[in-house]
Amino acid sequence: MSIEVKLPEIGEGVTEGELVRWLVKVGDLVKADQSIVEVMTDKATVEVPTPTAGTVKALKAKEGDVIKVEQVLVELEAAGAPAGASVHPTPSSAKSNAHTPTAPTANGRTTATVAPPPSANLASAGLSSVNTTRQETKTLLPPADLHVLATPATRRLAREMNVDINQLKGSGLAGRVTREDILQNQTHAAPTTTSATTSSINIPRQAYQGPVGAVEERIPLRGIRKKIAENLQMAKQIIPHFTLMDEANVSQLVQLRESLKGLAEKEGTKITYLPFVMKALIASIRHFPQFNASIDDASQEIVYKKYFNIGFAADTPNGLVVPVIKNADQKTIVEISKEIIDLSKRAREGKLKPEEMKGATITITNIGSVGGTYATPIINHPEVAILGMYKIQDKVILENDDFKVIKAMNFTITADHRLIDGAVAANFLKVFFQRIEQPGVLMADMI
Amino acid sequence: MSSQNFEVIVVGSGPGGYVAAIRAAQLGFKTAIIEREALGGVCLNVGCIPSKAMISASHFLHRAQHDAPEMGFEISGPIKVNMKKLLSWKDSVVAKMSGGVGQLLKGNNVTIIKGEARFKTDKEITVTSKEGTKTFSAQKFILATGSRPVEIPGFTFDEKNILSSTGALALDAVPKKLVVIGGGYIGLEISSYLAKLGAEVTVVEFNSSLLAGVVDAECSQVVSRRLKKNGITVLLNAKATQQKRTSNGIEVTIDVEGKVQTLTCDKLLVTVGRRPNSDQANLKEIGLNIDERGFIKTNSQRQTNIPHIYAIGDLVGQPMLAHKASHEGVMVAEILKGMNRVFDAKTIPAVVFTDPEIASAGMTEEEAQAKGHKNLLISKFPFGANGRAVSMMETEGFVKIIATADTHIVLGVHIVGPEASNLISEAALAIEMAARLEDLALTIHPHPTLGETMMEAAEATLGHAIHIIQKPLTKNTKSTGGVHP
């Protein structure tokens, strides 16, 4: 009696993932809900559990393979199971509360399994029921409304690609939703897109043909890299960017940080400059709320956010990711430091949960920790600004007819010109510099 | 006693069940289907198919009697109706269709289990037949046990004198006088053919119009006129209160807007609706949620509250139509295979085989307005202006199209007239494809066919049909090839 375990739906809009690592091998005895494989999608790396217990008979894919949702992962030999049965790894209702999307597993990692919707628990009391199809454990998109203009084939395509056709604005005649609308929405259904309009932007696909005989290697553009490419291209296409640059005298800040080193050690952590920059940034955007906003292109509205989730660009072996410190205004410098260290570590390991990379209201990029005097960053859409911080250098300046050695740090503010005028950005940077140059001012900002 | 295991068991072999079973088998499931009566269910055996056979036959007779002389055929003497022979011809049609279903099921390796099904638990089902009781189990069940005629108190079916549709279809002699309680589509179809075969028919309808609320009012008017012409008496706002046997036959007491009258007949047909068979097979006892009208509650995938049990067809709600059940059957089988499907048809076309036929797809004018479409374009094209209809001597009726005024998207099509049942599929496709009036008007329809009426009705709705006189073209309608949004 063998059972095929298939790759379940592992996230909204996720249709495939790269098999990173097997957590089991042929001959292993696995328990129900035990993680069997690590799969990297364009959003996160997840561990996929098996829904049933059994002995691993065969691994149906290799590490590095791209696995489609519904593709068979392993064959299990299970006693008492019906022949030829195929199951999808979703948590059984009996154990479902142990597998909410954020629940850490025994090994300290996190799994992003899909929690069963209430329907799975609807079976009347006293009648245990087997849950084996994925329809029972994933959110069902609603049927197309009567007002939706789309052919039956297009409606089916949308459903199969997990696109809610009711949310799309059709580009066809009289508002018809076309096949292309669906395909584009699928391509651009990134976590950063907030409205149907922005997600249906057309990115031209140019072919590249190298010179004949040139030594080149082709690697599929996929996973996190593909998502980065799409997000940045969309941001550049939608947002008219401009960048303002200036140099700050951060001598006091350097001193302050030095003086806090002991405190940080006591707390068992290290304090970098990033938390200070975050605090100064939050204080500044309180004065300039248009920097903590989004433009809803679909409704033609400006959305001012009354919360402060600060994203920070993190370099990882797989590429750029942007973890988010949620409600950073309500956290201390030490707390933020600890969170940055934790998120950065897990970002490098590819273990961030999708929700840990969502919901930023403004982002800081710290490319300066590597090198370069200035950069022109790209805004993390749907945010409207990104602050760049660069490396600290000793500099000689002329002050009161005297030469003086200071610690200098370059900053850039890149803003969405639709919402933020150049003069506003200059004033913003001024307010920001007051705080980053004189950290004491931050005391006055304290709530 | 060991029970036989299946991956999928379908209960009921009507147009929902047998279609679901075939698709399930096509998708590789080890499938069984349970049927207590004949394969094909009500539709094939005592519903759609036999009634259509009788309707075709009676219409043939009617035309021989009424149209043939005008065309130049001199038929000497009355045409004799051999009802027993007609009945056996009808039965041969049914046998052919039911046999076909059996062959299709066998050809797809579906195990056919004959007998009365009853759930033991939500995973085991017993089937009782002459050969005894056997138990079967399955991972998934598809319930497709259909519906049965509603009985009203005091009018218990004996299928000899007080008939349901089933009994009416089995009559081996034409009743002299027939009273039909219920002027819905089933009552009118049977009334029409029995009247053509020689019965004196009175239809007693509770509502103020026939086919109330189901079809376009103008369409039902055309049918009402024809019923009268064919000798059928229609009593509206009328209620049958009691019946008793007398030496003259059955005396039916009718209350027509407060005035009581008595009708005498030799057969009484009761067609006041159908009720879902959710009170059978232990469905309630295993814990299925059933609503107050008896329909099994399902989600948009036709999944019940017990996740491995699905239900389709008449069991799950209106409209109780065979083609809706079949569509659901295919859909559920595919869902079992893991395919992402929901029921999202824009229209379930409906057909009434009266004389002339009525067919509709999409919304009526009232429904369109209720859905918020304030500005509508509505127009009709009469069959009297269609060459093929004239040459067939079937010119009563029209094609009516309802579209949005701003985008010209077709919202509803209502046809009353010859072959309305065959014409409506084009309208259903148009609505599913979100076609505009121009799409219908610019599609070349072959001449001379009844189908041209659809093209002309679209043109008429745009204001410029060729074969009827319309007001001069206005500026707004001069260009229709795509200037509208």
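Mentor: One definition to start: two strands pair if DSSP finds at least two bridges between them. Strands themselves are DSSP runs of E, at least two residues long, and helices are runs of H or I, at least four, with numbering from the N terminus. This is a predicted model, so local features need pLDDT of at least 70 and side-chain atom pairs count only at pLDDT 80 or more, while totals for chains, interfaces and linings use all residues. Residues are numbered from 1 along each chain as its sequence is written, and chains are lettered from A and ligands numbered from 1 in the order in which they are written.

Trainee: OK, chain A. How many bridges join β4(A) to β5 there?
Mentor: Five, and the two strands run antiparallel. β5 covers residues 45-49 of chain A. Val37(A) has Val48(A) as its bridge partner in β5(A).

Trainee: And which residue of β4(A) partners Trp22(A)?
Mentor: Val37(A) again. Strand β2 (residues 16-22) of chain A is joined to β4(A) by four bridges, also antiparallel.

Trainee: Is β4 of chain A mostly covered or mostly open?
Mentor: Mostly covered. Five of its six residues, 35-40, are buried. Buried means 20 or more other C-beta atoms within 10 Å of the residue's own; exposed means 12 or fewer, partly exposed is in between, and C-beta atoms are placed from the backbone.

Trainee: Switching to chain B. What's its secondary structure count?
Mentor: 15 helices and 22 strands. Of its 485 residues, 49% count as buried.

Trainee: What order do the strands take in the open sheet?
Mentor: β18-β19-β22-β21-β20 of chain B, five strands with antiparallel pairing. β18 and β20 (376-382) of chain B are at the edges with a single partner strand each, so one side of each has no neighbour in the sheet. On average, neighbouring strands are turned by 10 degrees against each other, direction ignored. For angles, axes are lines fitted to C-alpha atoms, for helices over the stretch in contact, and values run from 0 to 180 degrees between N-to-C directions.

Trainee: Which helix packs on that sheet, touching β18, β19 and β22?
Mentor: α12 (residues 420-432) of chain B. Its direction makes about 5 degrees with that of β19(B). Contact means C-beta atoms, placed from the backbone, within 7 Å. α14(B) lies across β20 and β21 (398-404) of chain B, at about 135 degrees to β20(B).

Trainee: What about phi at Asn109(B)?
Mentor: Positive, about 60 degrees, and Asn109(B) is not a glycine. Asn109(B) is exposed, with 10 other C-beta atoms within 10 Å. Ala281(B) also has a positive phi of about 60 degrees. Ala281(B) is buried, with 21 C-beta neighbours inside 10 Å.

Trainee: Last one, Val204(B). Buried or exposed?
Mentor: Buried, with 26 C-beta neighbours inside 10 Å. Val204(B) lies in strand β10 (residues 200-204) of chain B. Val234(B) is 30 residues away in sequence, yet 6.2 Å away C-alpha to C-alpha. Residues touching Val204(B) include Val179(B), Leu235(B) and Ile254(B).

Technical notes. Two residues are in contact if their C-beta atoms, placed from the backbone, lie within 7 Å. Lists of a residue's contacts leave out its neighbours within four places in sequence.
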